[in-house]
Structures are given as structure tokens and as C-alpha cells.
Amino acid sequence: MATIAMTDDHGAARPPSLFWTLVEGRSVFELGGFIATRPLLKRLPKGDGHPVLVLPGFLAGDTSTRPLRGLLKDLGYASFGWGMGRNLKFNADREAQMIALLDDAYENYGAPVSIVGWSLGGVFAREIAKSRPEKVRCIVTLGSPIKAPRRFSNARRLYDQLNGKPGEEELARMAQLNTPPPVPTTSIFTKTDGIVAWRGSVQETDPDNPQTENIEIPASHFGIGVNPFAMIVIADRLAQPAGEWAPFNREGYKSLIFRSPD
């Protein structure tokens, strides 16, 4: 498995710089851009009607993903939120709820479910896909902390305050977060993320599991879920026919916007 370096000069992972954290307020302009380009975004590749579950980030709920879910519905998908309130805690009961939600959607729609996860929601998307890979069509994560160690995220301490410090079993599970699920998986990240350092969102590529990719876009952490560039990638990934995954096409003008990690 190819490994991407995730350390600073002292060999320790680190969160984003204070500058990028302080300018996260620019996300309001991304929301404005989403609203302004909404008529154009409706012209993105159309879907085939398969179900798409959208998971919110840490501290957020379904309200935060409503713009994205609305666009997906316009593009022809059966998109829906998780319906579990704010994303605050993770335990065995919450994981069982998410797996049950996936099971129900698979049964109700009679088709594998695509999952789009924002930040912590992307971590959950990957983990439940590992439990039910046969019921998941593809995964798209947005600025998600999918790499160990946990020091890539500025939200780690708050998460621990709400959930308690992880025990040995939890730490062992967190250590394997970088292992992608056995389904097509796209990580959308930004090098100007003020909450999760971009290196923590880059998934390892595996020659034995080539259906993984990392796509960089210009965005903030709080705005990536409504960022028009993210919408272009999400629509492109979801529109692929089942079983016919191919890497995102970065040719032409796209090479100036959508980049691979370096």
C-alpha cells in the first residue's frame, strides 16, 4: 500500500494553522456562491434515482446538509438526511442506528446506497461501508479526518469532552481509519481547511483497491458542503453507472481547479 507522509518536520501530525481557522467565516461566501450558481448546478450530470444518504459534520444536523440534499434531488437522486439530530456523540448505539438506516434504505429502494459525509460524517460513512459494503454504491467525503493520528483536527478536544477520552479499543479502531472501505471512495479536501488539516483528509491509495481517489478544491471547512466546486465533483461521482467506476477526469480546465495531493 502506498503511504502518504502525514507528519510535520518534528514527526508529529498537527492541526491547521491559526490563520486558516480564523478565516473560516469565508464560508458565507461559498454559501452565496452556491445560491448564485444554483440554476447552473441543476445542469450537472443527472442521476439514476438511486438513494443517497447525506451525513452531517460534528455539531451539525440535517439543516446543514439541506442545500446539498436539495440539489441532489433536483439531479434525480433519492437523497435523504440521517434524522438523528446533531452529530455530537459516537458510540455503539449510534453506530447501530446508522447501520440500521443504511439497511432500511437498501431494502426500501432495492438498490445500494451512496453516502456523502461532511467532516465527521465522512468518517462514519466510511466505517458503516466497511460493515455493509454490499449495500453501499460509493462514498464521497468532504474535509473528513480520515487519517490517524487524531491531532490533524482542531475539534479533537471538544469531541473528547462530549464523548470522553477514547479507550484502547476505540484508539485501535481510530488507528485504522485510513483503511478505505471496499467500495469506490472519493475524498474531497482543501488545503485551506481551518478545522481539519488537509493531510488528515488524504486517503491512502492501494494498488489492490484502485477505486480510491483524493481531489483538492479551493474551499473552507465550514463551506465545503455547499461549495460549487464540491458540487461538481459530487455530481460527477454519483452519476457513474454502478460497477463502472473511473477516476475523476481532471483534463482541460479542470486541472486548474481540481488537484491531487502533492
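## Threonine 65

Threonine 65 lies in the loop between β1 and α3 (66-74); helices (H or I, at least four residues) and strands (E, at least two) are DSSP runs, numbered from the N terminus. Threonine 65 is buried, and its relative accessible area is 1%. Buried means under 20% relative accessible area, exposed over 50%, and partly exposed in between, with a 1.4 Å probe and protein chains only.

Leaving aside residues up to four places away in sequence, threonine 65 touches Val54, Leu55, Pro56 and Trp118. A contact here means heavy atoms within 4.5 Å. Tyrosine 159 is 94 residues from threonine 65 along the chain, and their C-alpha atoms are separated by 20 Å.

## Basis and confidence

This is a predicted model, in which local features need pLDDT of at least 70 and side-chain atom pairs count only at pLDDT 80 or more, while totals for chains, interfaces and linings use all residues. Residues are numbered from 1 along each chain as its sequence is written, and side-chain values use heavy atoms, with hydrogens and water left out.

The pLDDT, the predictor's confidence in each residue from 0 to 100, averages 91 over the protein, and 95% of the residues score at least 70. Over residues 1-11 the pLDDT is below 50, and this stretch has 19 contacts in the model beyond near neighbours in sequence.

## The sheet

Six strands form an open sheet in the order β2-β1-β3-β4-β5-β6, with parallel pairing. The edges are held by β2 and β6 (212-216), each with a single partner strand, so one side of each has no neighbour in the sheet. On average, neighbouring strands of this sheet are turned by 15° against each other, direction ignored. Two strands count as paired if DSSP finds at least two bridges between them. Strands of a sheet pair through backbone hydrogen bonds, either parallel or antiparallel.

Strand β5 (residues 185-189) pairs with β4 in the parallel sense over four bridges, and valine 140 stands opposite threonine 186 in β5. β5 also pairs with β6 in the parallel sense, over five bridges. Isoleucine 188 has isoleucine 215 of β6 as its bridge partner. Five of the five residues of β6 are buried, so this strand is largely enclosed by the rest of the structure. Both of its faces are covered, with Thr212, Asn214 and Glu216 buried on one side and Glu213 and Ile215 buried on the other.

## Helix α4

Helix α4 (residues 92-109) has 18 residues, which should span 26 Å at 1.5 Å a residue, and its end C-alpha atoms are 26 Å apart, in agreement. The expected span is 1.5 Å times one less than the number of residues. At the start of α4, a side-chain oxygen of asparagine 91 comes to within 3.1 Å of the backbone nitrogen of aspartate 93. Just after the helix, glycine 110 takes a positive phi of about 65°.

The buried residues of α4 are Arg94, Glu95, Met98, Ile99, Leu102, Asp103 and Ala105. They pack against β2 (78-80), β3 (113-118), α5 (120-131), β4 (136-142) and α7 (168-175). Methionine 98 of this helix has a relative accessible area of 2%. Not counting residues up to four places away in sequence, methionine 98 touches Trp82, Met84, Phe90, Phe124 and Ile128.

α5 has twelve residues and reaches 17 Å from its first C-alpha to its last, close to the 16 Å expected at 1.5 Å a residue. Ten of the twelve residues are buried, so α5 is largely enclosed by the rest of the structure. Among the buried residues are Leu120, Val123, Phe124 and Ile128.

Lysine 135 is placed in the loop between α5 and β4. Lysine 135 is buried, with a relative accessible area of 13%. Its side chain makes a polar contact of 3.0 Å with the side chain of aspartate 103. A polar contact is a pair of N or O atoms within 3.5 Å; within protein, one must be able to donate a hydrogen and the other to accept it, and residues adjacent in sequence count only if both atoms are side-chain atoms. Beyond residues up to four places away in sequence, lysine 135 touches Leu102, Asp103, Tyr106, Pro112 and Val113.

Conventions. Axes are lines fitted to C-alpha atoms, for helices over the stretch in contact, and angles run from 0 to 180 degrees between N-to-C directions.
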